[in-house]
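Dear colleague,

I am passing this structure on to you, and below it you will find notes on a few of its parts. Please read them with the model open beside you.

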Amino acid sequence: MSDLVSFDKQGSVGVITVNNPPVNALSQAVRQGLIDGLAAGQADPGITAMVIIGGGRTFIAGADIREFGKPPQPPDLHAVLEKIESSSKPVVAAIHGTALGGGLEVCLACHYRVAVAAGQVGLPEVKLGLLPGAGGTQRLPRVVGVEVALKMIVSGDPIPAARAQAVGLVDEIVEGDLRGSAVRFAERMVAETKPLRRISAMDDKLQAARANPAIFESFRKSIEREARGYLAPFKCIEAVQAAVTLPFAEGLKRERQLFQECMASPQSKGQIHAFFAEREATKIPDVPPGTPARKIERAAVIGAGTMGGGIAMNFANAGIPVTVVEMSQEALDRGLAVVKKNYAATVEKGRLSQADMATRMGLITGSLDRGAVREADIVIEAVFEEMGVKKEVFAALDKIAKPGAVLASNTSTLDIDEIASATSRPEAVIGTHFFSPANVMRLLELVRGAKTSKETIATSAELARRIRKVWVLAGNCDGFIGNRMLAPYLREAEFLVEEGATPQQVDTVICDFGFAMGPFAMQDLAGLDVGWRIRKAKAAARRKDLRYSHVGDRLCEQGRFGQKTGAGWYRYETGSRTPKPDPEVEALIAAAAQEGGVARRRVGDEEIVTRCLWALVNEGARILEEGIALRSSDIDVTYLYGYGFPRYRGGPMFYADQVGLGRVHADVAAFHTRHGEPWAPAPLLERLAKEGKGFRDFAR
Ligand code: T1G
């Protein structure tokens with residue numbers, strides 16, 4: 001037997017245990033171990049049945065993703081599954097934790113499946129830009145029917161054991177000792193001489209779809225919007241369709257073809273990069289696992305505006321009592337009413353029960369007394385984005401908050417060290433930059449000040465995990481990682497419209513590239529006045545890096561702040577969020593171009609992509625070499641979860657590596673020649689391009 005798979009007997013049942021921490025991935029050694037275990041069970045006359053179970057915290061969570069792209073090592077998973085299904089002795093899968101991907105495919109090759117109630121099963125391959133490649137698309141529809149199979153495979157979301165039992169995927173939910181229960185279940189199957197159920201031979205659940213082939217076209221239509229730009233979801237549908245139209249063995253072949261098409265596509269590389277980047281971001285070299293972290297049992301939020309309310313909802317959603325402090329009753333009532341409306345909308349959509357809504361609202365308390373933060377383990381300030389206001393709040397918190405409490409600011413651009421200097425405990429101050437809407441957007445940018453302690457970082461990271469945020473640690477600078485890169489991106493977008501493009505052309509090109517939204521529609525959503533205030537503050541501070549198109553200022557001077565004023569870069573009909581091109585804006589742009597002496601011309605789509613993307617990447621390279629981001633993949637995570645960057649492209653830095661830094665640097669250098677200083681290539685980009693390397697190769 002291999003070290004990672006053990007075989008032992010319990011009564012007349014052979015128990016095959018997979019022990020490959022942390023998630024029992026199906027590495028080569030595990031596959032070989034399974035083959036050996038099955039052979040041992042088969043060969044032993046004293047063995048009448050077998051159980052496959054996972055050691056540690058979970059059943060098998062899939063193929064070993066780290067093996068992808070490497071030369072395949074035998075035995076392949078198909079061979080393992082063929083051995084399981086063709087066994088003459090019943091094989092029972094015993095599921096706890098998560099049976100995912102290849103792990104669920106192992107279960108589907110077994111003759112029976114039992115699970116603990118907390119178990120989850122799913123086929124998440126589509127989230128990696130792939131599809132279930134070991135029979136999952138052929139066996140699952142044979143058990144649960146085509147409709148359920150399509151939902152599970154195309155969404156990639158796991159289902160709980162009870163639901164799995166309801167759809168016929170799990171035969172029994174067991175309590176207590178899983179191993180013992182599975183052995184007893186196997187013995188019962190033998191005693192009752194139950195026929196071995198080989199899923200590959202089952203067909204009845206496919207009849208309905210065979211009689212109604214339109215099911216596939218309508219399912220394709222139903223995902224078009226959400227899966228825009230993605231390859232894998234549509235390949236998944238084709239594979240399930242093959243299960244209905246082809247015999248099992250042919251269907252397997254078709255699945256393999258489609259799997260290889262996904263594996264060969266750049267999309268799976270982008271999505272697999274995103275998978276590991278998200279996990280890598282949580283590793284802070286000087287704040288290792290085990291760094292003491294304060295337990296957050298109570299929280300407080302200063303400010304009940306859009307951000308404050310959304311932040312408070314995160315705490316309530318995680319079961320943490322939170323006090324929201326405001327200056328006036330009217331502002332407090334308005335803020336809490338928005339929170340209530342947001343929860344009611346979620347109940348309306350059936351994604352939250354009325355009872356849960358009441359529980360969460362019950363965890364949110366409003367107060368006009370700053371003293372109410374006295375018991376909080378963390379206080380997050382979400383007040384007006386102005387340094388003076390922030391410092392006044394922190395000076396007050398310093399006197400009220402209990403010793404050891406984390407004092408956090410939701411600032412999106414301001415200097416954390418200057419904010420911390422208003423307190424006597426800068427080690428307890430950290431930036432917790434949420435993204436709007438804060439109860440929806442998954443990204444949390446934690447901003448480390450010069451004096452922020454490791455305990456404060458560890459406590460904030462643990463909190464981020466509890467409120468289900470994907471977090472990235474950023475250094476302290478103007479705009480941290482995300483907004484600092486966004487500034488040159490927006491700068492180029494606005495120069496492009498001055499030079500001849502239109503806002504809708506730029507937005508369309510950027511959306512076709514895969515972004516959830518283009519730069520102009522995004523600004524209208526966020527509000528143009530935020531950027532205007534920052535530009536004015538910088539102008540007042542005579543900041544030299546202030547070269548930008550003045551069209552945005554012209555719009556704001558006319559009170560066009562975006563959706564909230566019914567007009568910005570676009571105009572909006574009352575009650576509608578649909579951006580409509582506005583000839584007034586066209587005229588305003590032409591006037592600004594003339595004023596600036598800009599000769600307007602036809603702007604091509606390719607130029608729009610490269611100028612916007614490389615503006616991001618060039619600034620990203622500066623952020624990396626300054627140590628504001630620890631890794632280029634952290635920048636990718638920031639843009640994937642905070643700015644709607646297409647996941648199948650892996651993030652701006654990964655995308656640049658895929659294109660090749662030689663090409664990126666050449667484009668940037670050409671822009672530098674044509675458009676001047678703001679396009680000076682980042683030294684790191686220049687160096688890596690010369691060395692033929694990528695951002696992935698950059699290590700501090
Ligand atoms: N392969 C390799 N490493 C994996 C892995 C996998 N499948 N899953 C997790 N890890 C690593 C992860 O990088 C991290 O490493 C550590 O395990 C803990 O993970 C043929 C083709 C199971 C729900 O997509 O969703 O099967 O950072 O931090 O939050 O059809 O991991 O510590 O070095 O995420 O408790 C399909 C992927 C594969 C499941 C646990 N399976 N994993 O979550 O821990 S494709 C998946 C997860 C496939 C077949 C196809 C989650 C989890 P490190 P973690 P967690």
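Helix α1 (residues 28-43) lies across β1, β2, β3 (49-54) and β4 (91-95), and runs at about 25° to β1. Contact here means heavy atoms within 4.5 Å, while axes are lines fitted to C-alpha atoms, for helices over the stretch in contact, with angles running from 0 to 180 degrees between N-to-C directions. Helices (H or I, at least four residues) and strands (E, at least two) are DSSP runs, numbered from the N terminus.

The model is a predicted one, in which local features need pLDDT of at least 70 and side-chain atom pairs count only at pLDDT 80 or more, whereas totals for chains, interfaces and linings use all residues. Residues are numbered from 1 along each chain as its sequence is written, and side-chain values use heavy atoms, with hydrogens and water left out.

Six strands, in the order β1-β2-β3-β4-β6-β9, form an open sheet with mixed pairing, where two strands count as paired if DSSP finds at least two bridges between them. Because β1 (5-10) and β9 (172-174) stand at the edges with a single partner strand each, one side of each is left without a neighbour in the sheet. From one strand to the next, the twist averages 25°. The partner of β1 is strand β2 (residues 13-18), to which six bridges join it in an antiparallel run, and Phe7 stands opposite Ile16 in β2.

**Strand β10**

Strand β10 (residues 299-302) is covered on both faces, with Ala299 and Val301 buried on one side and Ala300 and Ile302 buried on the other; buried means under 20% relative accessible area, exposed over 50%, and partly exposed in between (1.4 Å probe, protein chains only). Four bridges join β10 to the parallel strand β11 (residues 322-325), in which Thr323 stands opposite Ala300. Four bridges also join β10 to strand β13 (residues 378-381), again in parallel, and there Ile380 is the bridge partner of Val301.

**Helix α29**

In helix α29 (residues 683-690), the buried residues are Leu684, Leu685, Leu688 and Ala689. Seen down the axis of α29, these residues fall within an arc of 130° (taken from the directions from the helix axis to the C-beta atoms), so they line one face of the helix. They pack against α25 (605-626) and α28 (661-675), and α29 is followed by Gly692, whose phi is positive, near 70°.
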